[in-house]
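Please read the numbered points beside the display.

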Amino acid sequence: NGIGVNFSSNGSSAVQALNTASPIYSWYCAIGRFTPSTAVDLFVNGVQTTETAGIPASLNNNAEIFSVGSIGGSGFYLNGNTALMFLCAAAVPDIFIDTFYHFTAPLFGVNV
């Protein structure tokens, strides 16, 4: 178990960054970032995990329904409470990700 982020270039295989945090009964700020041909990053409570092997040049683009929080649009959905989820059309810089973490934590009573 853990918190992971997957990005796919073909809709079936994916490249993943994984953090071993156990998200049970705790608040976590998890942010994934895809940088084409470079990296998949996962930030969990300000700690960055990066995968640089096999990063595709683009994301899957087909007639399938776009999904966030699932794989293949039909399974592995986010199971639990999710708040403040959003999608950005550009890979935001580290300083923005750190700001998201520090600004959202107090909303849930977490001191960072």
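1. Asn 45 lies in the loop between β4 and β5 (47-51), where strands are DSSP runs of E of at least two residues and helices are runs of H or I of at least four, numbered from the N terminus. The model is predicted, so that local features need pLDDT of at least 70 and side-chain atom pairs count only at pLDDT 80 or more, while totals for chains, interfaces and linings use all residues. Residues are numbered from 1 along each chain as its sequence is written, and side-chain values use heavy atoms, with hydrogens and water left out.

2. Phi of Asn 45 is near 50°, a positive value in a residue other than glycine. Ser 37, placed in the loop between β3 and β4 (39-44), likewise has a positive phi, of about 60°, although it is not a glycine. Most residues other than glycine have a negative phi.

3. Asn 45 is partly exposed because its relative accessible area is 23%, given that buried means under 20%, exposed over 50% and partly exposed in between (1.4 Å probe, protein chains only). Phe 108, in the segment after α1 (94-104), is also partly exposed, at 38% relative accessibility.

4. Arg 33, by contrast, lies in strand β3 (residues 30-35) and counts as buried because its relative accessible area is 10%. A polar atom of the Arg 33 side chain lies 2.8 Å from the backbone oxygen of Val 92. Leaving aside residues up to four places away in sequence, Arg 33 touches several residues (heavy atoms within 4.5 Å), among them Phe 7, Asp 41, Gln 48, Pro 93 and Ile 97.

Key. A polar contact is a pair of N or O atoms within 3.5 Å; within protein, one must be able to donate a hydrogen and the other to accept it, and residues adjacent in sequence count only if both atoms are side-chain atoms.
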